[in-house]
Amino acid sequence: MKDTRLTFRRRHSYNTKSNKKRVVKTPGGRLAILYAKKTAALPKCGDCGSKLRGIPALRPKEYHRECKRVKHVTRAYGGSRCATCVRQRIIRAFLIEEQKIVKRVLNDAKKKEGAKK
């Protein structure tokens, strides 16, 4: 009868999220433990929560090692907001500015009418 008992390679013995493991058979025929890394979450848009395209899903330490061009896309708010939300922000800002201009023109027209009377 073969011995199927295994010992941990690390001193961490609790079954936590950071201590996931799987049993593999080595070429020599014995069983060994391989520790699985945590799966990385995809980066998400800060406004709508959809996943950001063009940015890899990495763990924080791996992001630290990567250069800037990998961590963002070349656009305003790239790497933080999705293209749809950026478009909405630009349109909203433009419309607000237009509204201010219209309000100013109406106020000037009202002042001119008041001065004529």
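# Close-up views of a predicted model

**View 1. Y77 in the loop between helix 2 and helix 3.** At a relative accessibility of 44%, Y77 counts as partly exposed. In this predicted model, Y77 belongs to the loop that runs between helix 2 (68-71) and helix 3. The phi angle of Y77 is near 60 degrees, a positive value in a residue other than glycine. Such a value deserves a remark because most residues other than glycine have a negative phi.

View 2. L42 is placed in the loop that joins strand 2 (31-35) to helix 1 (60-65), and with a relative accessible area of 37% it is partly exposed. When its neighbours within four places in sequence are left aside, L42 is in contact with K51, I55 and A57. Between L42 and Y77, which are 35 residues apart along the chain, the C-alpha separation is 17 Å.

View 3. Of the salt bridges in the structure, which number three, one joins the side chains of R81 and D47 at 3.0 Å from N to O. This pair links distant parts of the chain, since R81 sits in the loop between helix 2 and helix 3 while D47 sits in the loop between strand 2 and helix 1, 34 residues apart. R81 is buried, with a relative accessible area of 19%, whereas D47 is partly exposed at 41%. A salt bridge also brings together the side chains of R89 and D47, at 3.2 Å from N to O. Because R89 lies in helix 3 and D47 in the loop between strand 2 and helix 1, the pair ties together parts that are 42 residues apart in sequence. R89, for its part, is partly exposed, with a relative accessible area of 26%.

**View 4. The salt bridge between K100 and E97 within helix 3.** K100 forms a salt bridge with E97, and the closest N and O atoms of the pair are 3.5 Å apart. Both residues lie in helix 3, where they are three residues apart, or about one turn of the helix. K100 counts as partly exposed at 45% relative accessibility, and E97 likewise counts as partly exposed at 43%.

View 5. I91, F94 and L95 make a nonpolar surface patch of about 310 Å². L95 is a residue of helix 3, which spans residues 83-116.

**View 6. L31 and the residues that it touches.** L31 is found in strand 2, and at 29% relative accessibility L31 counts as partly exposed. Not counting residues up to four places away in sequence, L31 touches T4, L6, V23, V24 and K25. L31 and R104, 73 residues apart in sequence, are 79 Å apart in space when taken from C-alpha to C-alpha.

**View 7. The largest pocket and its lining.** The largest pocket holds about 190 Å³ of space. Its lining is made by R10, S18, K20, Y35, A36, K37, K38, R59, K61, E62 and R65. Helix 1 gives the most to this lining, with three residues.

Key
Residues numbered from 1 in each chain as written. Predicted model: local features only at pLDDT ≥ 70, side-chain atom pairs only at ≥ 80, totals over all residues. Heavy atoms only, no water. Helix = DSSP H or I, 4+ residues; strand = E, 2+ residues; numbered from the N terminus. Buried < 20%, exposed > 50% of the residue type's maximum accessible area, 1.4 Å probe, protein only. Contact = heavy atoms within 4.5 Å. Patch = residues over 30% accessible without salt bridge, like charges linked within 9 Å, V, L, I, M, F, W, Y side chains within 5 Å. Areas by Shrake-Rupley, 256 points an atom, 1.4 Å probe, with all protein chains shown as cover. Salt bridge = Lys/Arg side-chain N within 4 Å of Asp/Glu carboxyl O. 1 Å grid on protein atoms, 1.4 Å probe; cavity = no way out; pocket = protein on both sides within 12 Å on 5 of 7 lines; lining within 4 Å. Points joined across faces, edges and corners; volume = space filled by probe spheres on them.
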